[in-house]
Amino acid sequence: IVFVLLTALGWLERRRQNLFLKWATGSELSKLDSSGAARVKDGIFIWSSFEAGTFQEQDTFEINQLELLELMALTSGEAPLTSESQGRCRLRLIGGGKEMDVPFSDAEQARKWMNQLMEKARCDL
């Protein structure tokens with residue numbers, strides 16, 4: 001029973017990764033983790049969750065309107081994440097009268113995304 005269960009879970013994860021590769025084709029920046037998927041394509045940041053075998057778009061944000069990026073704790077309200085913190089967090093994008101929170105499974109990956117998004121926003125200006 002354990003073998004069958006592990007095989008089925010492995011197959012589901014492989015399917016999710018293959019769907020992500022198709023979804024992220026042509027993206028300038030993309031990520032897939034247990035919190036969801038995100039990509040930057042043609043100056044638009046798109047965050048999606050994986051539901052019912054497809055990626056469901058949750059929100060979009062125009063990178064050229066980016067004014068502020070904040071790394072926030074995932075569950076403790078409006079608390080910013082300290083530089084030593086690791087683990088689950090969320091990236092807050094603010095600009096153009098819009099605010100969007102994107103969950104990340106890993107704070108280091110979120111910090112890398114912050115740097116890359118700021119570089120992209122500067123290049124688009």
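A residue is called buried here when its relative accessible area is under 20%. By that criterion, 38% of the 125 residues in the protein chain of this predicted model are buried. The accessible surface of the chain comes to about 7400 Å², and carbon and sulfur atoms account for 55% of that surface.

The fold can be read off along the sequence. Two helices and seven strands make up the secondary structure of the protein chain, and they follow the order α-β-β-β-β-β-β-β-α. Along the principal axes, the C-alpha atoms fill a box of roughly 55 × 35 × 20 Å. Among contacts between residues at least 6 apart in sequence, 41% join residues at least 24 apart.

Turning to the interior, nonpolar side chains tend to be buried together in soluble globular proteins. In this model, the largest nonpolar core holds 22 residues, of which Phe-45, Leu-91, Leu-93, Trp-113 and Leu-117 touch the most other members. Elements giving two or more residues to this core are β2 (36-41), β3 (44-51), β5 (68-73), β6 (89-95), β7 (98-104) and α2 (107-124). Helix α2 supplies the largest share, six residues. A second, separate core has six residues, among them Ala-24, Ala-37, Ile-46 and Phe-55.

As for charge, the protein chain carries 15 positive and 18 negative charges, whose mean positions lie 7 Å apart.

Terms used: Residues are numbered from 1 along each chain as its sequence is written. This is a predicted model: local features need pLDDT of at least 70, side-chain atom pairs count only at pLDDT 80 or more; totals for chains, interfaces and linings use all residues. Side-chain values use heavy atoms; hydrogens and water are left out. Helices (H or I, at least four residues) and strands (E, at least two) are DSSP runs, numbered from the N terminus. Buried means under 20% relative accessible area, exposed over 50%, partly exposed in between (1.4 Å probe, protein chains only). Contact means heavy atoms within 4.5 Å. Accessible areas come from the Shrake-Rupley method with a 1.4 Å probe; for residues, only the protein chains shown count as cover. Lys and Arg count as positive and Asp and Glu as negative; His and the chain ends are not counted. The place of a charge is taken as NZ of Lys, CZ of Arg, CG of Asp or CD of Glu. A nonpolar core is a set of buried Ala, Val, Leu, Ile, Met, Phe, Trp, Tyr and Cys residues joined through side-chain atoms within 4.5 Å.
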